Amino acid sequence: MVKLFQTKKDMQLPKILILALTLTMLSCGSKNKKKEIPELEATAKTDIPFKYGVWITADATRDNADYATEFEKYKSAGIDEILINTNTSPELLQRLTPVAKEKGLKVHAWIMAMNRPGDSIALQHPEWYIVSRDGKSCFDNRPYVDYYQWLCPTRTASRNHVLGLVEGLAKVEGIESVHLDYIRFPDIFLPIGLLPKYNLKQDTEMAEYDFCYCDACISAFEKIHHKNPLESKNTAIDMEWKNFRLNAIKAIVDDAYEIVHKYNKNLTAAVFPYPEMADHMVRQRWDKWNIDEVYPMIYHGFYNEEIDWIGYATKQGVTDLKGKNVGLNTGVYLPPFKSAAELKEAIIQAKDNGAKGVTFFDGPALTAEYLKTIKETKASLK
Ligand SMILES: [Zn+2]
């Protein structure tokens, strides 16, 4: 990669961090159903075949026939579902969903939730953007990369804007879920594998990467805790302040859950590798959310880890979700794999450690060799 972080629009990077990147519903039905008969559903889950998915970013200038060819390529390799980023366009999603379904693929509407670079509506409201501990707004002062433009999860207008976008996608006929990405704060710590590319050292929580100290957040926090985090000697050990931010993200997810279920869709999300890690790096505690399925981005290359770490992280998340009837699909980032054999090992690690599926980032990185490996691995794991 030339840059660590690229925009998803360009499509080359991983989602997460994408930042990183210079850096279902499936099933399960409604939440009420889940709560009423969790054990029954959990048992039924064991009969569901291991599923395969791929993240892709749509390009409105490509025609349906071109997409039909691409979707056929995935389906014939054994892939079951696609997660499409249409840059939050319900129209483009509505156009492509029937094309994918015709090929036998399930469709998820992938949205960049709190990080909204170039959002024409949000840009009209500079106060909607998160503010760093050193007082700079993400509106015009972006951490790490130019496409980091994050909205405040507490301010009523900014959170309603995000939830409105979620609702627009949820209305699209035929999709399985709305799939939240960037549903978190910016990285207070970058993945260790990315630091050298930025020539960065992050031993502590640095003010310029620590958000959201906007007026709305400070005021809402003071109402509950009667103290101002800007007066704290060490915000990194102020648990109420951290928890406030974890809860702000959770509140948006929980509201999104209610919205998408009104349209009989599910809510899913691309999240950090496992809950403690997500909490530590990006203020995201996904094991506490109301959600149907999660797709942790277990991108070993970002963290200088080996293939078996994919199994380790998968197991962490699966264990934390036990009894909650939330499915976990292991997300893998293809560029660091050195061979098809490594990719096969990653799929097996995911399955053996309790994932219900594996999802690849991203479509263009699926070479003919990888597609063949996926097909063969799927057949051998039946
Ligand atoms: Zn704020």
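Residues are numbered from 1 along each chain as its sequence is written. Because the model is predicted, local features need pLDDT of at least 70 and side-chain atom pairs count only at pLDDT 80 or more, while totals for chains, interfaces and linings use all residues.

Start with the whole chain. The protein chain holds 12 helices and 9 strands. These are DSSP runs, numbered from the N terminus: helices are H or I with at least four residues, strands are E with at least two. Of the 382 residues, 49% are buried. Buried means that 20 or more other C-beta atoms lie within 10 Å of the residue's own; exposed means 12 or fewer, and partly exposed is in between, with C-beta atoms placed from the backbone.

Helix α5 spans residues 156-170, and helix α8 spans residues 239-262. Their axes come within 10 Å and cross at roughly 30 degrees. The α5 helix is therefore roughly parallel to α8. Axes here are lines fitted to C-alpha atoms, for helices over the stretch in contact, and angles run from 0 to 180 degrees between N-to-C directions. Angles under 35 degrees count as roughly parallel, over 145 as roughly antiparallel, 65 to 115 as roughly perpendicular, and the rest as oblique.

Which residues in α5 and α8 meet? From α5 come Arg159, Val162, Leu163, Val166, Glu167 and Ala170; from α8 come Ile252, Asp255, Ala256, Ile259 and Val260. By class, this contact of α5 with α8 has 8 nonpolar, no polar and 3 charged residues. Contact means C-beta atoms, placed from the backbone, within 7 Å. Ala, Val, Leu, Ile, Met, Phe, Trp, Tyr, Cys and Pro count as nonpolar, Asp, Glu, Lys and Arg as charged, and the others, Gly among them, as polar.

Next, the cis peptide bonds. One runs from Phe211 to Cys212, with omega near 0 degrees. Cys212 sits in the loop between α6 (195-198) and α7 (215-225). Another runs from Phe361 to Asp362, with omega near -10 degrees. Asp362 is in the loop between β9 (357-361) and α12 (368-380).

Finally, look at phi. Tyr182 is not a glycine, yet its phi is positive, about 50 degrees. It lies in the loop between β5 (177-181) and α6. Tyr182 counts as buried because it has 26 C-beta neighbours inside 10 Å. Asn264, also not a glycine, has a positive phi of about 60 degrees. Its loop is the one between α8 and β6 (266-271). Asn264 has 9 other C-beta atoms within 10 Å, so Asn264 is exposed.

Technical notes
Two residues are in contact if their C-beta atoms, placed from the backbone, lie within 7 Å.
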